[in-house]
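Thanks for coming, everyone. I will go through one structure today, a few parts in turn. Here it is on the screen.

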Amino acid sequence: MLEIKNLHVTIEETEILKGVDLSLPAGEVHAIMGPNGSGKSTLSYVLSGRDDYVVTEGEILFKGQNLLEMEPEDRAIAGIFLAFQYPVEIPGVPNSTFLKEALNSIRKARGEDELDAMQFLKQLRERIKDLGMSEEFMKRAVNAGFSGGEKKRNEVLQMAVLEPALAILDETDSGLDIDALKTVADGVNALRSPERSMLVITHYQRLLNYIVPDKVHVLANGRIAKSGDAELAKELEASGYSQFIETAA
Ligand code: ADP
Ligand code: MG
Ligand code: MG
């Protein structure tokens with residue numbers, strides 16, 4: 001699904017990623033952990049196609065396609081979903097309208113039929129029910145006045161509606177309470193499928209108590225310093241990241 005090879009990325013002439021290699025097969029959930037400032041968010045921004053991040057070496061393949069040559073919209077059309085650390089607020093636009101437009105623009109670009117209001121509402125209601133959420137979410141303006149936990153829930157709903165092949169979630173290092181962590185985890189677990197891969201970028205070991213990843217990678221010093229199974233997250237909880245940071249010094 002996703003193949004990252006020898007990825008080097010600079011921001012304002014400072015090299016942040018220094019040769020990242022990562023292979024995420026279809027159907028798997030991988031976690032990327034690592035100390036603050038190690039480049040986790042940089043990696044998610046490069047995957048999303050954000051400006052300012054210069055790839056100086058390496059490649060990223062998504063289903064065999066050169067991701068770095070694709071515009072951000074084309075990445076979404078191809079089935080990549082990125083959940084951001086800081087979701088945008090769109091006052092005045094109801095969630096259901098936003099989700100319908102998002103889904104239909106992707107369907108249209110793929111040459112698929114757009115859903116009419118009735119078809120979309122039916123689908124949205126099913127997703128909301130699957131996720132154990134409240135229908136109140138549909139009427140509220142996108143993220144406006146949402147609590148941190150509600151924004152997370154909304155992000156998970158967006159993901160459920162768009163049904164991506166590859167979902168990338170970058171979890172912020174602060175401000176998520178245990179309920180919000182569980183929301184993210186329940187959403188990710190509900191959306192696990194043999195055709196879908198997920199990359200969960202997190203600072204939190206405890207998130208991985210709820211999402212049991214197939215693999216855990218530690219990003220430190222701009223590279224994947226260690227990979228292992230879900231047990232690695234538990235070891236890190238005990239040992240911390242100092243072993244990786246010392247290597248840098
Ligand atoms: P993480 O998500 O692992 O905490 P980031 O990817 O946010 O790490 O940051 C990696 C490094 O890149 C940090 O040293 C940070 O200060 C630096 N950095 C991030 N964004 C920018 C930017 N826009 N300009 C300059 N430096 C940046
Ligand atoms: Mg950070
Ligand atoms: Mg970050």
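Before the helices, one convention: a crossing is called right-handed if the near helix is turned clockwise from the far one by less than a right angle, and left-handed if anticlockwise. Also keep in mind that this is a predicted model.

With that convention, helix 3 and helix 6 make a right-handed crossing. Helix 3 covers residues 95-109 and helix 6 covers residues 148-162; the two pack at an angle of about 35 degrees, and their axes are 10 Å apart. Which residues make the contact? On the helix 3 side they are Asn95, Leu99, Ala102, Leu103 and Ile106, and on the helix 6 side Asn154, Gln158, Val161 and Leu162. Sorted by class, this contact has 6 nonpolar residues, 3 polar ones and no charged ones.

Next, the ligand. The shell around ligand 1 consists of Ile11, Glu12, Ile16, Gly34, Asn36, Gly37, Ser38, Gly39, Lys40, Ser41, Thr42 and Asp52. By class, 7 of the shell residues are polar, 3 are charged and 2 are nonpolar. Which element gives the largest share of that shell? Helix 1, residues 40-48, with 3 residues.

The buried ones are Lys40, Thr42, Leu43, Ser44, Tyr45, Val46 and Leu47. Lys40 and Thr42 are also in the ligand 1 shell. Just past the end of helix 1 sits Gly49, with a positive phi of about 85 degrees.

Strand 5 is joined to strand 4, residues 53-62, by 2 bridges, and the two run antiparallel. As for individual pairs, Phe62 has Gln65 of strand 5 as its bridge partner.

The other strand to look at is strand 9, residues 166-170. How many of its residues are buried? 5 of 5, so to speak a mostly covered strand. In a regular strand, side chains alternate between the two faces of the sheet. Here Leu166, Ile168 and Asp170 point one way, while Ala167 and Leu169 point the other way, and all are buried.

Strand 9 has parallel pairings with two strands. With strand 6, residues 80-83, there are 4 bridges, and the strands run parallel. Phe81 has Ala167 in strand 9 as its bridge partner. With strand 10, residues 197-201, there are 5 bridges, again parallel. There, Ile168 is partnered by Leu199 of strand 10.

Last, a single residue. Where is Gly79? In the loop between helix 2 (72-77) and strand 6. Gly79 has 19, so the residue is partly exposed. Leaving aside residues up to four places away in sequence, Gly79 touches Pro164, Ala165 and Leu166. Leu166 is one of the residues of strand 9 already mentioned. Glu231, by contrast, is 152 residues from Gly79 in sequence and 30 Å away in space, C-alpha to C-alpha.

That is what I have for today.

Definitions and conventions:
Residues are numbered from 1 along each chain as its sequence is written. Chains are lettered from A and ligands numbered from 1 in the order in which they are written. This is a predicted model: local features need pLDDT of at least 70, side-chain atom pairs count only at pLDDT 80 or more; totals for chains, interfaces and linings use all residues. A residue is near a molecule or strand if its C-beta atom, placed from the backbone, lies within 6 Å of it. Ala, Val, Leu, Ile, Met, Phe, Trp, Tyr, Cys and Pro count as nonpolar, Asp, Glu, Lys and Arg as charged, and the others, Gly among them, as polar. Two strands pair if DSSP finds at least two bridges between them. A residue is buried if 20 or more other C-beta atoms lie within 10 Å of its own, exposed if 12 or fewer, and partly exposed in between; C-beta atoms are placed from the backbone. Axes are lines fitted to C-alpha atoms, for helices over the stretch in contact, and angles run from 0 to 180 degrees between N-to-C directions. Two residues are in contact if their C-beta atoms, placed from the backbone, lie within 7 Å.
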